[in-house]
Amino acid sequence: MLRHPLLPIWLQNWAFLRMLSMTMPLVAIRLSPTQPATNMPLSARPEYFSHTNKPGKSRLVFVYFVFFLWLSGCNHEAIAKMPVPPIDPAEILPGGNTSVSITPFASFEKPAQNLPHDQKPDFHAGKALANQPWIKAPTSTTSRDGLGPVYNARTCLACHINGGKGAVPDNNQQRLFSAFLRISVPGTNSTLGVQPEPTYGDQLQTQSVSLAHQLGQITEENSQSNGVKPEAYVYLNWVESSFTYSDNHTVTLRYPEPEIRQLQYGPLQKNTLFSLRVAPAIPGMGLIELIEQSDIEKLADPHDRNQDGISGRINRVWDARSQKTVPGRFGMKANRPDVAMVVAAAFANDVGISNRLFPDQPCTTKQTRCLDEPSGNDDTGIEIADPLFGLVVGFTQNLAVPVRRNADDKWVQQGRSLFYETGCSGCHHPRYVTGRSTKNPHLSEQTIWPYSDFLLHDMGPGLADGRPDFEASGNEWRTPPLWGIGLTKAVNGNANLLHDGRARSVEEAILWHGGEAGPAQQAFIDLPEQQRELLIQFVESL
């Protein structure tokens with residue numbers, strides 16, 4: 001382990017630093033001071049975070065965490081450079097023949113370049129369904145009513161802005177909108193993956209069909225208005241600190257403390273678990289779906305038999321269609337098996353639209369006013385008919401990945417070498433060939449470059465949410481694909497990266513890596529500033 005001459009030995013001990021790092025408030029949850037003390041879920045995860053309303057203490061603990069980042073990775077001098085594969089000309093087309101140009105503007109809502117002409121009407125019909133607001137039932141528009149009664153957004157693309165990521169507010173004056181707060185209590189559930197909180201379920205719905213909510217008239221002083229009320233309002237408080245490289249370059253890091261205001265249906269259980277999630281970018285999902293499961297399984301090494309410090313593993317999740325447990329590959333904890341399950345869960349939980357795979361309304365048994373609201377169910381008991389649901393699934397499967405930018409630039413190519421040498425490709429696996437599909441033959445047998453192994457990895461205490469999901473632990477996250485990451489700001493107007501949007505740049509995201517990614521993160525930290533910038537340029541070219 002690298003020793004620092006100005007620090008005492010007891011501060012350079014790995015076991016001590018690891019213990020110290022566990023005291024950091026990873027996702028401290030605040031409730032409005034006007035809420036009764038019994039509503040305060042701040043003791044939900046004492047093993048993961050320390051709760052306080054005193055910002056000074058939070059910053060002090062965060063300094064410990066930054067110090068932990070600086071010394072983690074241990075064998076700095078022993079980190080060997082990983083091999084760099086030769087450049088493949090196909091890398092310029094991350095989605096193979098489906099890749100699209102970013103001209104005249106960057107967007108993640110474009111159809112696959114090779115989408116057959118006769119399938120384009122269905123693509124655009126699915127896009128319209130994903131983009132047009134749902135409305136409260138009952139109405140004469142029976143194919144588009146059934147919103148809520150509680151929900152997070154009126155449309156799919158309200159959260160996935162232009163097919164990209166959601167946004168998080170930079171202050172605690174704006175309500176959370178295109179991100180949401182997942183909740184649960186300790187325990188297991190073989191079909192849901194988590195044990196829902198008894199009163200509020202597994203996700204806080206922050207909007208409702210109530211006219212008072214629509215007019216902004218539900219306040220602390222007037223929370224007894226008629227109509228079903230949103231479950232709560234969520235705001236974010238940001239805790240900041242600085243990280244300084246050995247060359248004195250400083251980066252400001254931050255993490256969010258969600259603040260829950262105006263819980264409308266009673267207190268949360270004291271042992272409630274929380275996880276803030278920003279809606280992810282959704283291009284290339286049909287290609288990811290066609291990666292052979294055997295190719296992903298070849299990358300799994302749950303017991304780290306090759307002793308490279310990386311122990312990626314597969315989550316085992318529930319498939320409502322086949323009614324059995326299968327491997328997961330979608331979602332931030334790989335908790336969904338395919339695109340249909342992703343879309344169905346989003347309709348049910350985010351928009352409040354029941355469907356064949358998730359037929360229930362988003363109301364718990366304790367929300368009687370919500371349960372009494374009229375639904376938009378058809379004769380088969382669901383709010384979105386199977387043909388319309390299929391159009392949205394097809395639209396999602398055919399969202400295209402943009403072509404690479406500046407792939408031939410010599411500085412970008414040097415950054416590519418550094419990406420491999422520092423070990424980033426250990427989790428961000430670059431290349432696959434998709435399998436065959438009779439339904440979407442244009443997506444078949446494409447050489448694609450998503451830069452993900454789609455496996456779960458322990459990312460360390462800095463990113464942990466302490467909330468298990470199926471077999472994923474509270475420390476584990478699925479490796480996100482990197483394709484399109486350099487266009488995030490152009491597409492979304494922001495660059496909120498990682499599961500909760502804390503990182504505002506690729507550099508910040510790398511600095512938050514820990515656990516299995518600790519050695520690669522440390523290798524990045526140890527690079528000279530110019531080389532760090534080259535590596536970032538490469539990632540942003542993807």
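Predicted model: local features only at pLDDT ≥ 70, side-chain atom pairs only at ≥ 80, totals over all residues.
Helix axes are taken here as lines fitted to C-alpha atoms over the stretch in contact, with angles running from 0 to 180 degrees between N-to-C directions.

Helix 3 spans residues 120–131 and helix 9 spans residues 386–397; their axes come within 7 Å of each other and cross at roughly 105°. Angles of 65 to 115 degrees count as roughly perpendicular, and the two helices, helix 3 and helix 9, are therefore roughly perpendicular to each other. On the side of helix 3, the contact involves Asp122, Phe123, Ala125, Gly126, Lys127, Leu129 and Ala130, while helix 9 contributes Leu388, Leu391, Val392 and Phe395. Sorted by class, this contact between helix 3 and helix 9 holds eight nonpolar residues, one polar residue and two charged residues.

A further helix pair is formed by helix 10 (residues 410–421) and helix 14 (residues 529–541), whose axes come within 7 Å and cross at roughly 100°. Helix 10 is therefore roughly perpendicular to helix 14. From helix 10, the residues that take part are Trp411, Val412, Gln414, Gly415, Arg416, Leu418 and Phe419, and they meet Gln531, Leu534, Leu535, Gln537, Phe538, Val539 and Ser541 of helix 14. The classes in this contact of helix 10 with helix 14 are eight nonpolar, five polar and one charged.

Attention can now pass to the empty space in the model. Rolling a probe the size of a water molecule over the atoms shows where empty space is left. The second largest pocket has a volume of about 650 Å³. It is lined by 30 residues, and those closest to its centre are Leu192, Asp202, Asn349, Phe358 and Asp360. The lining of this second largest pocket divides into 12 nonpolar, 10 polar and eight charged residues.

As for cavities, a search of the whole structure finds two of 30 Å³ or more. The second largest cavity has a volume of about 30 Å³. Its lining is made up of Thr98, Ala112, Gly284, Gly286, Leu287, Gln397, Asn398, Leu399 and Leu443. By class, four of the residues that line the second largest cavity are nonpolar and five are polar, with no charged residue.

A disulfide is a covalent bond between the sulfur atoms of two cysteines. The structure holds one disulfide, formed by Cys363 and Cys370, with their sulfur atoms 2.0 Å apart. The torsion about the S-S bond of Cys363 and Cys370 is about -55°, so this disulfide is left-handed.

Some details of the backbone complete the picture. Most residues other than glycine have a negative phi, and most peptide bonds are trans. Thr103 and Pro104, however, are joined by a cis peptide bond with omega of about 0°. Pro104 sits in the loop between helix 2 (55–71) and helix 3. A cis peptide bond also joins Gly148 and Pro149, where omega is about 10°. Pro149 belongs to the loop between helix 3 and strand 2 (150–151). Ala334, a residue other than glycine, has a positive phi, near 50°. The loop that holds Ala334 runs between strand 9 (324–327) and helix 7 (339–351).

Technical notes. Residues numbered from 1 in each chain as written. Heavy atoms only, no water. 1 Å grid on protein atoms, 1.4 Å probe; cavity = no way out; pocket = protein on both sides within 12 Å on 5 of 7 lines; lining within 4 Å. Points joined across faces, edges and corners; volume = space filled by probe spheres on them. Nonpolar A, V, L, I, M, F, W, Y, C, P; charged D, E, K, R; others polar. Helix = DSSP H or I, 4+ residues; strand = E, 2+ residues; numbered from the N terminus. Parallel < 35°, antiparallel > 145°, perpendicular 65-115°, else oblique. Contact = heavy atoms within 4.5 Å. Disulfide = S-S within 2.5 Å.
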